Structures are given as structure tokens and as C-alpha cells.
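Subject: Model for you to look at

Hello,

Please keep both together in your files.

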Amino acid sequence: MMPSRIFIQSLKVTALIAALASVLPLLAQDLNLSAADIQARWVGKTVVVVPAAGPLMGKTLLLQLKANGYALLSGAFQDTGVWRLSDQGYCVAWTKIRGGEEGCQTVVVKAGQTQVINANGSLNSTVTEVR
């Protein structure tokens with residue numbers, strides 16, 4: 001006897017649900033951008049960020065990481081500095097921010113939102129656009 005068409009369809013739906021159930025948790029995981037990802041996605045572009053704390057919280061800043069190692073910050077605050085890729089993300093020594101001391105950040109994609117995370121694990125800023 002041949003299985004009914006409804007039975008076969010229900011098997012297909014069950015298989016699809018099982019496949020989605022195994023993939024969805026992977027999509028929900030945080031994705032740390034590698035140095036190569038940061039190089040490809042940000043260098044030579046304008047990264048629009050919104051700081052998460054401090055006097056610039058909620059304001060718009062424009063970050064530019066130049067291929068020659070220079071960094072520019074404009075918008076609600078202006079600064080210049082030098083940057084480099086690191087094993088965990090990128091580091092910048094700004095002229096005004098931290099008095100010129102280098103600070104390193106990681107870049108994480110969480111639920112489709114790109115976030116810049118400080119070395120101490122606190123949220124630095126949220127990326128709203130890359131131009």
C-alpha cells in the first residue's frame with residue numbers, strides 16, 4: 001500500500017521543522033568580527049556609531065579607519081589618532097580620548113545589531129550604518 005499524500009507532506013513538514021530547530025540557535029549566537037572582517041567592512045568607509053555611555057551617549061559619531069593607519073572621528077565630537085588591527089578586533093590611540101592611550105575594542109554582531117565592545121566587556125557604541 002502506498003503512503004498517502006497527506007502523510008508524505010506531514011513527514012516533509014516535520015523534517016523541515018527539525019532542520020530549522022537545529023539551525024535557529026546558531027543564528028541567535030553572537031558573531032565576533034575577525035580582524036579580516038573589520039578590514040573588509042570598515043577600512044576606508046565611514047562607520048556611523050552611537051555611544052552607549054558618557055557625555056556623548058546617544059549622539060552620532062562618524063568613525064573612519066584609514067588604510068594608512070590614521071583614524072578620524074567627527075560628528076558630535078572630533079578627534080584624530082592612529083589605529084591597528086588586533087587579534088580580537090582593533091585598537092585606537094586617539095589624541096584627546098584617553099589622553100592618547102591606546103584602547104582596544106571587539107566588534108560583535110548580536111541579533112543583527114553591530115556593537116563595539118570595550119576591553120572590559122562594556123558596550124562602547126552601536127553601529128547604525130556603514131557608508
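In the hairpin of strand 7 and strand 8, 2 residues lie between the strands, and A111 has a positive phi near 50°. Strands here are DSSP runs (E, at least two residues), numbered from the N terminus. Strand 7 (residues 102-110) runs antiparallel to strand 8, with 6 bridges joining them; two strands count as paired if DSSP finds at least two bridges between them. V107 is opposite V116 in strand 8.

Strand 8 is also antiparallel to strand 9, through 4 bridges, and Q115 stands opposite T126 in strand 9. That hairpin has 4 residues between its strands, and G121 takes a positive phi near 95°.

This is a predicted model: local features need pLDDT of at least 70 and side-chain atom pairs count only at pLDDT 80 or more, while totals for chains, interfaces and linings use all residues. Residues are numbered from 1 along each chain as its sequence is written, and side-chain values use heavy atoms, without hydrogens and water.

The chain averages a pLDDT (the predictor's confidence in each residue, from 0 to 100) of 87, and 80% of the residues score at least 70. Where pLDDT is low, the predicted coordinates should not be read in detail.

Regards
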